Amino acid sequence: MNEIVEKVLYFIERDGLNNKTRKREIVYKRAYLMHVLRCQEYTFHAIGEVFNRDHATALYQCKMVKQYLYEIRDEIYINHIQEYLEEFEGEKFKPEYWDLTYDILNCNNTYELKLIKQRIHENKYGNNDND
């Protein structure tokens with residue numbers, strides 16, 4: 001077993017990630033660690049067994065990580081898994097800046113619209129006159 005897999009198993013045990021729960025922070029952390037195992041060339045079936053889930057759940061969670069972390073760069077998701085990102089990626093993973101026009105034009109659902117609204121409220125887009 002390599003060092004990365006040992007770290008994943010440590011976090012699973014420490015944070016109770018193989019228990020049945022739908023708490024957002026647990027689901028996000030579990031999904032990220034599934035992604036890490038997939039990058040270590042684990043099969044979806046093997047990943048599911050580690051987390052007491054089936055292979056379809058592992059497949060879905062790995063796709064979710066790619067979308068939330070690399071495509072839409074969901075700040076809420078990133079905040080929940082920041083410790084893991086620092087451990088496995090070696091640095092903080094923060095968006096450099098947010099482009100309001102880009103986000104609006106590429107918004108595909110109400111969840112993404114809610115994130116845009118939250119970023120506007122938190123003045124994440126820069127020149128917001130509503131200080």
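In this predicted model, the buried residues of helix α4 pack against α2, α3, α5, α6 and α8 (110–121). Those buried residues are Ala58, Gln61, Cys62, Met64, Val65, Tyr68 and Leu69. Seen down the axis of α4, they fall within an arc of 160 degrees, so they line one face of the helix. The face turned away from this buried side carries Tyr60, Lys63 and Glu71, which are exposed. Helix α4 consists of 17 residues, and from its first C-alpha to its last it reaches 23 Å, close to the 24 Å expected at 1.5 Å a residue.

The largest nonpolar core holds 31 residues, of which Tyr32, Leu33, Phe51, Leu69, Tyr77 and Phe88 touch the most other members. Helices that give two or more residues to this core include those tabulated below, together with α2. The largest share, 8 residues, comes from α2.

| Element | Residue range |
|---|---|
| α1 | residues 3–15 |
| α3 | residues 44–50 |
| α4 | residues 55–71 |
| α5 | residues 75–80 |
| α6 | residues 82–89 |

Leaving aside neighbours within four places in sequence, Phe88 is in contact with Ile4, Lys7, Val8, Phe11, Tyr32, Leu33 and Val36.

Helix α2 (residues 24–39) also contains Lys29. Lys29 is buried yet has no salt bridge, and the nearest side chain of opposite charge, Asp15, is 4.4 Å away. A salt bridge would require a side-chain nitrogen of Lys or Arg within 4 Å of a carboxyl oxygen of Asp or Glu. Not counting residues up to four places away in sequence, Lys29 touches Asp15, Leu17, His80, Ile81 and Tyr84.

How values were computed: Residues are numbered from 1 along each chain as its sequence is written. This is a predicted model: local features need pLDDT of at least 70, side-chain atom pairs count only at pLDDT 80 or more; totals for chains, interfaces and linings use all residues. Side-chain values use heavy atoms; hydrogens and water are left out. Helices (H or I, at least four residues) and strands (E, at least two) are DSSP runs, numbered from the N terminus. Buried means under 20% relative accessible area, exposed over 50%, partly exposed in between (1.4 Å probe, protein chains only). Lys and Arg count as positive and Asp and Glu as negative; His and the chain ends are not counted. Contact means heavy atoms within 4.5 Å. A nonpolar core is a set of buried Ala, Val, Leu, Ile, Met, Phe, Trp, Tyr and Cys residues joined through side-chain atoms within 4.5 Å. The expected span of a helix is 1.5 Å times one less than its number of residues. The arc is that of the directions from the helix axis to the C-beta atoms.
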